[in-house]
Amino acid sequence: MKVSILDDYFDTLRTLRCFRKLDGYEVAVWNDHIQDVDALAARLEDTEVLVLIRERTQIREPLLERLDALRLISQRSVYPHIDIDACTRRGVIVSSDQHAGSPSYAAAELTWGLIIAAMRQIPQQMFALRAGTWQIGVGNSLHDRTLGIYGYGRIGATVAAYGKAFGMNVLVWAREPSLQRARSDGYVVARSKRAFFESCDVISLHMRLVQETRGIVTGDDLSCMKPTALLVNTSRAPLIEAGALVNALRQGRPGMAAIDVYEDEPLRDPGHPLLTMDNVVCTPHIGYVTRDEYEIQFSDIFDQVNAYVAGNPINVVNPQVVDVLKGRRTS
């Protein structure tokens, strides 16, 4: 059976312990990134199992129509980049572990790193020092300031705990079930969404990108933030209304941003507005990109491959595909 893995930029997966779970298969690992349908169709022509690294490659119907051998897509987390309906029609199983019970410490750690970097102007101070300038400004402390956690799931809860350890006042806004968990963990819940955006010195977004959360942070929300406040997004760019963050930063509310995710990835345009602003710290979607996190994630992904081969697929997000496959067998 042929397994293809896309977008392993640094050829990391072969070096992981969990890669041994693919022993016995014909495995092709691709280290570049392409999105051209013709090139991908040629590359994946004989692939039965496709392993994806998050949302790095779009898997849409024009491509799926040309992959007659494809039977399984195995990945982890959300799947806005996959045309699930097209997969179902073509009899392609999509397995994706949603890992709801396991916190991503890598993403939480990067979030905290970005908060400190932005508040203390670490990248800007470093670049100035390299250019021969000794100190370019005065940063801000975190102690006794208000950290806003928007979305209290596994990552949000971990970042909240980091904030508490730094002596910050943690304020939470989320859906009601998440607010109940936050209350039970001893955190204060905001009176309203507006009050949340008005009162926080740092706001960090921690929600899954689903239809209900797309654009959930609006330009009006951002305009309520303090001119000294920081907005952090290590989750997904479309959680924020398109164009709203750049416009808000230009208007001075919030005064800073720290961003790991973008509308179009990979982002290779040095002229992108967020990359040209002195009050923005940017990283290239590396929240989950650590060796430890890869071991956790790809152990699950490869388990899904082996479950499929054993005839018992797991974490199937399009269970209707079973009826399609049954229909093929009886026709």
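1. Of the 331 residues of the protein chain, 49% count as buried, where buried means under 20% relative accessible area, exposed over 50%, and partly exposed in between (1.4 Å probe, protein chains only).

2. The model is a predicted one: local features need pLDDT of at least 70, side-chain atom pairs count only at pLDDT 80 or more, and totals for chains, interfaces and linings use all residues. Residues are numbered from 1 along each chain as its sequence is written, and side-chain values use heavy atoms, with hydrogens and water left out.

3. The protein chain contains 13 helices and 12 strands; helices (H or I, at least four residues) and strands (E, at least two) are DSSP runs, numbered from the N terminus. The radius of gyration of the protein chain is 22 Å, close to the 20 Å given by the globule rule for 331 residues, so the chain is as compact as a globular protein of that length. This radius is taken over C-alpha atoms, and the rule is 2.2 Å times the number of residues to the power 0.38. The C-alpha trace spans about 70 × 50 × 35 Å along its principal axes.

4. Among contacts (heavy atoms within 4.5 Å) with a separation of 6 or more in the protein chain, 63% come from residues 24 or more positions apart.

5. Threonine 88 belongs to helix α3 (residues 84-89). Its relative accessibility is 12%, so threonine 88 counts as buried. Leaving aside residues up to four places away in sequence, threonine 88 touches Asn318, Gln320, Val321 and Val324.
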